[in-house]
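Work through the exercises below with the structure open beside you. Try each task before reading its solution.

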Amino acid sequence: MTNLGPAAVPAPRWGSGLRAMLPRWSLRLAIGLGLIGAIALFGVLGSLFVGDPNAVRDAGLTPPGGGHLLGLTQTGQDVFAQLAYSTRGSLEIGLLVGALATVLSAFFGVLGAYAGGVVDEAFSLFSNVMLVIPGLPLVIVIAGFVPPESRGAWTIGLVLAVTGWAASARVLRAQTLSLRNRDYVAAARVAGEKRWRIITVEILPNLLPLLASQFVFAVIWAILSEASLSFLGLGASNSSTLGTMLYYAQNGFALQRHAWWWFVPPGLVIALFGCGLSLVNFSIDEVINPKLRSVFRVRRRDPVPPAEVRPAGENVVVEVDSLDVVYRSDVPVHAVKNVSVSLRRGEILGLAGESGCGKTTLAYAIARLHRPPAEVTAGSVVFHDRDGTGTDVLHLGPDALRAFRWDKLSMVFQGAMNALNPVTTVRAQLDDVLTTHRPAMTAADRRARCAEVLRLVGVDPARLTSFAHELSGGMRQRVMIAMALLLDPQVIIMDEPTTALDVVVQRGIVGEILRLRDELGIAVLLITHDLPLLLEIADRIAVMKDGEVVEYADAGQMYRAPAHPYTRELLSSFPSLTGARGAFLRAGQLEGSR
Amino acid sequence: MTTLETTGLVKDYRIRSGLRRDRFRAVDHVSLALTPGRTVALVGESGSGKSTIARLLTRLDRPTGGEIALRDTGGRPVPGRAYRDHVQMVFQDPFASLNPFHTVEHHLARPLLLHGRTRGAEQTWREVLHLLDRVQLRPAEDIARRRPHELSGGQRQRVAIARALAPGAKVVIADEPVSMLDVSIRLGVLNLLARLQREDDLAVLYITHDLATARHFADDVVVLYRGQVVERGPAAEVILRPKHPYTQLLAASAPDPDKRGRAPAASEAGTGASAGRPGGCAFRDRCPSAMVVCAGAPAEEPVGDGHTARCWLYGPRS
């Protein structure tokens with residue numbers, strides 16, 4: 001990210017804001033769209049080509065064949081012609097209700113959430129009341145009250161829309177509540193934008209995928225509900241839908257007379273259309289929540305050849321040799337390139353670099369925590385135990401790996417203080433690690449060990465009975481370090497352990513890390529972007545840039561004489577607290593478009 | 001020129017936990033003055049009320065008490081409607097403060113039109129390009145048509161700075177403008193802010209938790225602890241010769257390669273997490289030099305030229 005001149009930036013893509021909101025092409029989406037398209041086409045065009053669906057013929061209840069593709073009904077009407085007209089009727093109702101329900105839910109959900117206060121309470125209460133009223137019975141009651149002669153498609157559509165918007169309104173409200181607190185909404189307010197403009201121009205476009213999904217859902221719901229209503233004889237009197245078809249089939253005893261051609265086609269059309277819409281909705285959901293995207297299959301490649309486990313050098317505990325890690329995405333990203341570092345006992349090895357330089361990927365690969373699409377393509381990671389045996393970490397079996405992690409090597413993750421379970425006590429969570437990894441330990445031993453590790457990180461063991469929310473951020477981070485210490489590991493990997501904390505709290509945690517190193521002889525791999533911090537506390541430092549280690553040296557030497565230009569650039573980015581005032585700003589004449 | 005002055009600014013938040021209603025004072029009688037051509041750094045840990053002050057000054061929230069007075073060149077108070085012509089903000093996270101749906105042009109053209117700086121599409125487009133050029137985003141025509149996700153973090157923050165300048169603002173509130181950026185980009189963005197300030201004679205409130213940049217970037221430093229100003233004065237004075245025990249702790253805690261090999265500073269003060277007893281000095285639970293008098297509220301005491309500390313160590317009784 002250091003050299004993003006205009007040339008390095010991709011050319012502008014027109015309409016990419018909208019394009020980012022379109023679902024990604026997939027088999028699921030193709031099948032869904034295919035089903036919807038075929039059925040819609042059949043409904044719209046089919047009714048133009050088939051004959052009169054209500055023409056009565058002499059022949060009653062004839063199976064398919066003889067000029068009638070799907071046979072005849074009891075009264076000799078052509079089933080295929082009826083199916084075409086009914087499909088059109090159902091689609092019309094579906095679209096009508098979908099549009100109405102979406103408008104209603106957007107009104108109550110979005111407006112209420114943005115306005116907040118009393119309006120939100122009132123709108124929210126109203127949607128909740130509408131939500132707990134059971135939909136279909138209400139529809140039946142309302143539809144039953146309207147006299148059949150005035151029960152047109154619009155009436156039914158209105159009744160269905162009124163009973164069907166509430167669930168969407170709640171979903172939209174939740175999303176709007178989150179969007180209205182975004183900084184860009186605050187920025188629009190500071191700029192002086194009017195309320196209605198903030199809602200329509202700033203918030204609504206970002207709700208589009210959700211609105212589309214709610215619309216599709218409403219269409220499915222409407223078609224099914226209308227079919228149920230019509231089947232019960234409460235549907236629109238002036239239109240024919242798939243539901244009315246089923247109603248007549250039922251009244252004509254189609255089931256008892258094995259006239260499958262009469263009731264299966266309309267049922268099948270409903271099912272397939274619903275299926276198509278659901279498939280489309282799955283794809284829209286992936287836009288709303290990209291995590292749902294299925295990880296594409298990674299072809300198993302030839303594994304990295306087993307490492308040759310050589311006897312360790314002086315006190316080396318972890319040895320990384322020419323490691324390559326690649327993210328196999330559409331455009332493979334070479335995140336770690338030919339990295340060789342070694343970690344000695346009782347040493348703090350600093351790994352410095354900016355976001356995207358591969359430092360976290362490297363740490364994950366060392367602990368074998370990398371997941372597809374990340375893949376180690378070359379190199380080796382060897383762990384040397386206290387007794388001198390070497391372990392090829394990249395070739396450990398699942399059980400051996402589980403035993404290795406936490407027991408020999410543990411990790412403290414970025415933002416780890418938010419990783420504590422909020423509903424159980426600190427002791428329960430520490431205890432859990434011991435019961436899993438040390439089944440032989442007695443409860444009393446476990447309790448003693450939990451208290452001991454807390455004391456090691458400077459937390460009063462009385463805190464064992466506390467819940468996470470009762471501890472400050474710094475205290476929670478100490479508990480996480482205590483958890484990493486439970487099994488007396490030889491190596492701890494810490495990924496930005498103090499980034500989210502204030503300097504005073506950071507100072508405390510750093511003090512604990514130094515003490516653990518001195519007292520227990522633990523080797524620490526400390527990952528951070530804060531080079532001055534590393535220069536102060538680390539023994540050796542590896543500076544990473546674009547996946548490569550550009551400088552790997554003793555910390556004191558790096559501070560006195562940084563060799564690589566990038567190290568110098570990083571160092572100059574941190575102003576000295578005590579240097580001459582303004583020197584930093586004057587020195588920074590490299591104001592480019594970076 | 002425009003000056004923004006607050007006197008006794010208070011912001012209370014109501015917390016409801018079950019049936020109990022509580023009050024949390026996020027900002028406690030803060031008085032600040034922002035004058036043209038000067039940068040005031042507001043320093044404090046998270047939760048000290050820095051961002052709340054920013055929200056009050058930009059009128060995103062209403063203060064519970066106290067006064068915010070904005071005066072124009074002639075010393076006349078600026079009426080409410082025109083407030084936003086004068087006071088603008090740069091948000092912390094450039095990834096969140098630009099709407100992902102809209103182009104860079106939209107983000108700059110809207111404030112220009114809203115505040116009547118330009119009329120018509122052509123004049124607006126020219127001004128958008130001019131603004132982009134001022135924040136060194138070139139080629140401007142190309143950048144203007146992009147959407148936020150096509151820009152790097154540093155470029156986004158430059159767009160956010162251009163947006164703040166678009167209404168012709170004379171007071172800029174910068175809420176941790178570089179803390180979300182990669183370290184090697186920070187310098188460039190800070191330099192840009194410093195240059196724009198010189199060019200436009202802006203009054204800048206630089207909110208940060210980083211003492212080092214506060215020292216180099218600001219003229220005055222105001223240290224906030226639990227909503228209260230505990231120390232204020234010229235930047236070099238406050239940071240090189242801190243008087244309040246909290247500022248001393250902050251300065252001692254900053255990473256410093258020169259401290260290599262020396263024993264880490266006592267971390268006892270860092271573990272203090274108590275909610276703070278009501279009344280008295282807010283820092284006394286963590287303070288290494290707490291005394292009996294600290295149970296009473298200290299006042300801001302002068303400790304040097306334009307330098308004050310809210311601490312009994314410098315009070316009349318000691």
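**Exercise 1. Describe how α17(A) and α10(B) cross, and name the residues that make the contact.**

Solution. Start with the axes. Helix α17 of chain A covers residues 503-520. Its axis and that of α10(B) come within 8 Å and cross at roughly 55°. Next, classify the angle. Angles of 65 to 115 degrees count as roughly perpendicular and those under 35 as roughly parallel. The crossing is left-handed. Now list the contact residues. α17(A) supplies Val503(A), Val504(A), Gln506(A) and Arg507(A). α10(B) supplies Leu249(B), Leu250(B) and Ser253(B). Sorted by class, the contact has four nonpolar, two polar and one charged residues. Keep in mind that this is a predicted model.

**Exercise 2. Find which part of chain B gives the largest share of the side that touches chain A.**

Solution. Begin with the totals. In chain B, 71 residues are in contact with 63 residues of chain A. Then look at the elements that each supply at least two residues on the chain B side. Among them are β5 (87-90), α3 (104-114), α6 (153-165) and α7 (183-200). The list also includes α10 (245-253), the chain B helix of Exercise 1. The largest share, nine residues, comes from α7(B). Finally, sort the chain B side by class: 34 residues are nonpolar, 20 polar and 17 charged.

**Exercise 3. Decide how α3(A) and α10(A) are oriented, and list the residues that meet.**

Solution. Take the geometry first. Helix α3 of chain A spans residues 79-115, and helix α10 of chain A spans residues 242-251. Their axes are 7 Å apart, at an angle of about 130°. Roughly antiparallel needs an angle over 145 degrees, and roughly perpendicular ends at 115. The pair is therefore oblique. Now take the residues. Gln82(A), Ser86(A), Thr87(A) and Ser90(A) lie on the α3(A) side. They meet Leu242(A), Thr244(A) and Met245(A) of α10(A). By class, this contact has two nonpolar, five polar and no charged residues.

**Exercise 4. Trace the eight-stranded sheet of chain B and explain which strands stand at its edges.**

Solution. Write down the order: β5-β6-β7-β3-β8-β9-β11-β10. The sheet is open, with mixed pairing. Check the ends of the order. β5 and β10 of chain B each have a single partner strand, so one side of each is left without a neighbour in the sheet. From one strand to the next, the twist averages 20°. Now zoom in on one pair. Strand β3 (residues 39-43) and strand β7 (residues 203-208) of chain B run parallel and are joined by five bridges. Within this pair, Leu42(B) has Ile207(B) as its bridge partner.

**Exercise 5. Is Gly304(B) buried, exposed or partly exposed?**

Solution. Locate the residue. Gly304(B) is in strand β10 of chain B, residues 300-304. Recall that β10 is an edge strand of the sheet. Count the neighbours: Gly304(B) has 14 C-beta neighbours inside 10 Å. A buried residue needs 20 or more, and an exposed one has 12 or fewer. Gly304(B) therefore counts as partly exposed. Leaving out residues up to four places away in sequence, Gly304(B) touches Gly233(B) and Glu237(B). Its C-alpha atom is also 9.9 Å from that of Val238(B), 66 residues away along the chain.

Note on methods:
Residues numbered from 1 in each chain as written. Chains lettered and ligands numbered in written order. Predicted model: local features only at pLDDT ≥ 70, side-chain atom pairs only at ≥ 80, totals over all residues. Helix = DSSP H or I, 4+ residues; strand = E, 2+ residues; numbered from the N terminus. Contact = placed C-beta atoms within 7 Å. Nonpolar A, V, L, I, M, F, W, Y, C, P; charged D, E, K, R; others polar. Axes fitted to C-alpha atoms, helices over the stretch in contact; angles between N-to-C directions. Left-handed = near helix turned anticlockwise from the far one by under 90°. Pairing = 2+ DSSP bridges.
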